[in-house]
There are 4 protein chains.
Amino acid sequence: MSEKMRAGLVGVTGYTGMELVRILATHPQLEIVQVTSRKEAGQRLRAIYPFLQGMAMGELTICQPDLSLLAKECDIVFLAIPHGAAMEMGADLVDHGCKVVDLSADFRIRDKTVYEEWYKVPHTRAHLIDEAVYGLPELYADKVRPARLVANPGCYPTASILGLYPALKHGLVHHDNVVIDAKSGTTGAGRGLKVNTLFCEMHDTFRAYGLGTHRHTPEIEQELSLIAGAAMTISFNPHILPVNRGILATMYTTLKSAQSLEEVHAIYSREYKDHSFVRVLPQGALPELRNVRGTMLCDIGLVVDKRTNRLIVVSVIDNLCRGASGQAVANANLMLGLPLESGLNFAPLVP
Amino acid sequence: MSEKMRAGLVGVTGYTGMELVRILATHPQLEIVQVTSRKEAGQRLRAIYPFLQGMAMGELTICQPDLSLLAKECDIVFLAIPHGAAMEMGADLVDHGCKVVDLSADFRIRDKTVYEEWYKVPHTRAHLIDEAVYGLPELYADKVRPARLVANPGCYPTASILGLYPALKHGLVHHDNVVIDAKSGTTGAGRGLKVNTLFCEMHDTFRAYGLGTHRHTPEIEQELSLIAGAAMTISFNPHILPVNRGILATMYTTLKSAQSLEEVHAIYSREYKDHSFVRVLPQGALPELRNVRGTMLCDIGLVVDKRTNRLIVVSVIDNLCRGASGQAVANANLMLGLPLESGLNFAPLVP
Amino acid sequence: MSEKMRAGLVGVTGYTGMELVRILATHPQLEIVQVTSRKEAGQRLRAIYPFLQGMAMGELTICQPDLSLLAKECDIVFLAIPHGAAMEMGADLVDHGCKVVDLSADFRIRDKTVYEEWYKVPHTRAHLIDEAVYGLPELYADKVRPARLVANPGCYPTASILGLYPALKHGLVHHDNVVIDAKSGTTGAGRGLKVNTLFCEMHDTFRAYGLGTHRHTPEIEQELSLIAGAAMTISFNPHILPVNRGILATMYTTLKSAQSLEEVHAIYSREYKDHSFVRVLPQGALPELRNVRGTMLCDIGLVVDKRTNRLIVVSVIDNLCRGASGQAVANANLMLGLPLESGLNFAPLVP
Amino acid sequence: MSEKMRAGLVGVTGYTGMELVRILATHPQLEIVQVTSRKEAGQRLRAIYPFLQGMAMGELTICQPDLSLLAKECDIVFLAIPHGAAMEMGADLVDHGCKVVDLSADFRIRDKTVYEEWYKVPHTRAHLIDEAVYGLPELYADKVRPARLVANPGCYPTASILGLYPALKHGLVHHDNVVIDAKSGTTGAGRGLKVNTLFCEMHDTFRAYGLGTHRHTPEIEQELSLIAGAAMTISFNPHILPVNRGILATMYTTLKSAQSLEEVHAIYSREYKDHSFVRVLPQGALPELRNVRGTMLCDIGLVVDKRTNRLIVVSVIDNLCRGASGQAVANANLMLGLPLESGLNFAPLVP
């Protein structure tokens, strides 16, 4: 008899669903008891994910989503389905008394108008926007614990906000003139069928996309503005890398005064000293994707460029684990009264 | 006014069509004047292939396939469409007096029954099977020159046949007990939308597929049997590599007598001395994919393993160029009275 | 105060040392207390492996190897140093009463003459060859438990032996005519500085090496012969893949009688049913590297090719984890009275 | 008897030497007659570069560098050796009456003090700095033609300058506040033996390096200042990609007035209309590495971000061809009275 808490997973065919399965396969206190997918219902989980062969979780049968059953069987439900669909399923599950971690963008944006402008769909469950908690543990753990509905942060926002948080909180840099040049592994483009994410269209090449127009822009601006205590407009510019996992964001800011690297480094180190998932690297060191592969870690490197009076922050996460499913599990841990790190203490897979 | 010969290209959205476009973009004596695709008709070629931006060929408008127009405008037509469709289009074009290089499998197999068994479609233009010439220039250039219809060899067969030809022709090895373990770049899996060829499903991994059941098996057996002068059954086993281009086939045979490497190497060198596209590597050297990247070259390495009395042949080609579109151009060159190498003298792109 | 068992690690700059560090970073019952390296002595472990930043193990200071200190401080010592050096250090540690897992080849080959012929060095500690246990847990767990000195199997032998074991044990296939075509990730080539393992010399390419002459050949033959109960000579042929981790071995054998896939599959399944690290895939399924990434798993796929009367076995492992350091930890677990799987229940990192 | 012009190549073991060899292997009007390397002297070129097997150039014997012989045998000499060494060899060859294209940084920086500060070596041939021509054909073809000594531009500067040239020349953007976030393939890190460019240290990962301190910074500032007619200080920040070839530079500038994309695009298109190697992509399109692979092309994409009033320019080149050896051949073509494009009209190798 298991005494683990019980989780449901709605949507399993995408990379965030796949990563939730990987993480929960070894979680000591939380197990998946229901997996739903309209497309794959009827199959065993191991049939679509052979890497689960021989593990208990692989024997689960995928079923059609059923609100009552999910609410009855699960302490918490993860939504790994597209925005638009998630708001309705999320609201219904909350109504049924179920705790929900929504991995989509549906409850991240506080301003309904901004959401609808960037996501091009009406928000049909806007009454829950205020209640939903933005689930970035380093900033909002206290709000996440009692929450019924957590909006799990986007991958780019997670890397960006953690990287800029101490600088903005402590007023080190100007609010205007922030440029984020972000590079993501290809899992960030999803598991849907598109010619431009075929292996031979991504391998040995590199490109930018959505410069200035990516949907994560308002999410980043919202959170940075809250930290800075003033409205911020930023330039956010994503690129796609021929690697599986990881985001590296290079963030360009202008220092208000001539701070030394030592001073900036001390402020960052102090700010994150009680947050074991964030590693402020030693002075002079720069992060790289592989050092956080498969983990919840966010590695931050700092550069003070005296020639141009800039603070350049390089922030690195695993987009699937920290930037999506691992962070969702961290939020579930908090909502269920478990330790934040439970089931999440992976060592990076290097090389 | 151009004085180049004029080619048509039927089917352009796959990797073989794309590679034909790349090769013909710099061919000094042959140019594409018609490109057809049911799916992309109406667009400029540069719209679907931005790499052609700024080149004359990029300005071509893709149109619906039109037999009369193709026959009227073109000295030769390349068919880069799926088997089944190719046999009909190919036969019709020949009826209209047009020369055809068919890159599909439709006219490669001499025995209609074998074709239908392996390809699971009826052969509706079987009257042309006998006339069609198997377009492997090193073996059949003399038959290709006067041909109206050339069956362009498959990628795996090209690498396999060129690698085993001297050994079988000169009776060095036994006919039974030939095992081919072949590894292909992912372009070999085509440009169609399938989950298992997405970047994140191929990158940093490797797998076998179709062991013992790949459709190129009867094609290889047919040609090896002709060379050996006896029916041969082989074990052909493909794998898919996380690289864009290239096939490396490791071929295991049993020597009839205790030949030295020197002797075998001399036989291979002599056999290919007048064939500039085949390079028999120095004794002790083994080929690698990149040394033939983007070219018509076939590199062959030889190993005599005295412990097991085996001759191991390693054969390497670029599956898209030598294994498909470049070989199609070579055949077209022969059919049009041009030098075999015209437009095909690329230096390998290393690294 | 920790109550974990205490391990020493001699040699840390190579990929096997690096992988031991990764695995032991999260082992619940075994911890590294001493790390030695002549080259890096004096540095913190996190200085050479930034992925350990923030973890307790990263704070360890690398020191010069000191036999007495190792023997005094450690319950067990892992040797991740080159063959030749390992035999002397291993013998000395055993003399000092220390348990040893040697990741080199020095004590794998039972016949001193064969060792010296293939490894080109004299064996100076041959008196321990008989005592040393070949540490493949599925075959030799009972001998490993009481051992003082375990010879950790090579990566290619691990994949090959596990793949062929049931077929040979149950007499399904002929002893002659076994061909192993193996493909390894580039970590298998080590972390030493060589032009041909630079990124730009390996990326987007593929090659064979050491066909018929690789040093793992006699190790595979020794173990297969023991299983078969008769001397076997095999053809072993390695290739190097542009991936970090993983070995896929495609093994060609000839069936003694016309077995069905069902029968062979049943024999394999029965043989491995109590060995959770070995997964015999469902009939018709073939393994791939990523499904075992970062784990102790060995995935086996079976093909019966009736046309050629062959049994083709495809065996996949992670060369660093199962093929080296993870297997070393499994052996240490057994030698220290811990459960075999302790610290080794990783879910594969997919994608 | 060849009537081609004759080139010498000093330094052949690095990637720029290797790429010169690839390009000149098919150049119709220029051939290599001397190759020198202290390290590899005595070997045939094909012995170190098997991809040249079977080509005439592969038969060349590498010799020790000999000034008189180079000057006597060659119409022009390419220097593919490290900075510091290049200045002396270059000056000596010019003294011997030989034309020189120097691929190192030694004669790029007009201000000796700046050179010595960034490159940490004294400039011992400063008398030639004024005479040397900065070999960016789109800007300086007229000066290159009569030059004896051409300083071949760096890879990052080539991409950066071509991308910003029209914007600065036409005063579209402010001179301060330019940020260049550049990403280079790993060939950019050279072919020397370093742990951090081993395959397993680069594959499936990504990192920044030298933020704000890269040696190409003063070269970019020098040329942009000349174009702008005012001293410019920029923030230049490189990253290294797990691909073989290519640089993508994302450049962030602030518009002086509210220009539309149409207007900016028209200015760029007009500026480059007679320069066939530069392709200003259609409005809305962004460049990618593969579309210039193996070529002299520079692809430029333009974004006007009205929210932040920025002009973002994305510029892409092949770092080895356009960013080094191909550009060196273009300069040699000009210096020898050949057409700029001679031997350089490659179609991009896609995929």
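Chains A and C meet through the same surface, because 100% of the interface residues of chain A are also interface residues in chain C. Contact here means that the C-beta atoms of two residues, placed from the backbone, lie within 7 Å. Bear in mind that this is a predicted model, where local features need pLDDT of at least 70, side-chain atom pairs count only at pLDDT 80 or more, and totals for chains, interfaces and linings use all residues. Residues are numbered from 1 along each chain as its sequence is written, while chains are lettered from A and ligands numbered from 1 in the order in which they are written.

**Chains A and C**
- (Ala, Val, Leu, Ile, Met, Phe, Trp, Tyr, Cys and Pro count as nonpolar, Asp, Glu, Lys and Arg as charged, and the others, Gly among them, as polar.)

**Chains B and C**
- This contact takes 37 residues from chain B and 37 residues from chain C.
- Elements of chain B that each supply at least two residues to the side touching chain C include β7 (179–185), α8 (199–202) and β13 (310–317). (Helices are DSSP runs of H or I, at least four residues, and strands are runs of E, at least two, numbered from the N terminus.)
- By class, that side of chain B has 17 nonpolar, 10 polar and 10 charged residues.

**Helix α4 of chain C**
- In α4 (residues 85–95), the buried residues are A86(C), M87(C), M89(C), G90(C), A91(C), L93(C) and V94(C). (Buried takes 20 or more other C-beta atoms within 10 Å of a residue's own, exposed is 12 or fewer, and partly exposed is in between; C-beta atoms are placed from the backbone.)
- Among the elements covering these buried residues are β1 (5–10), α3 (67–73) and β6 (149–151) of chain C.
- After α4(C) comes G97(C), with a positive phi near 85°.
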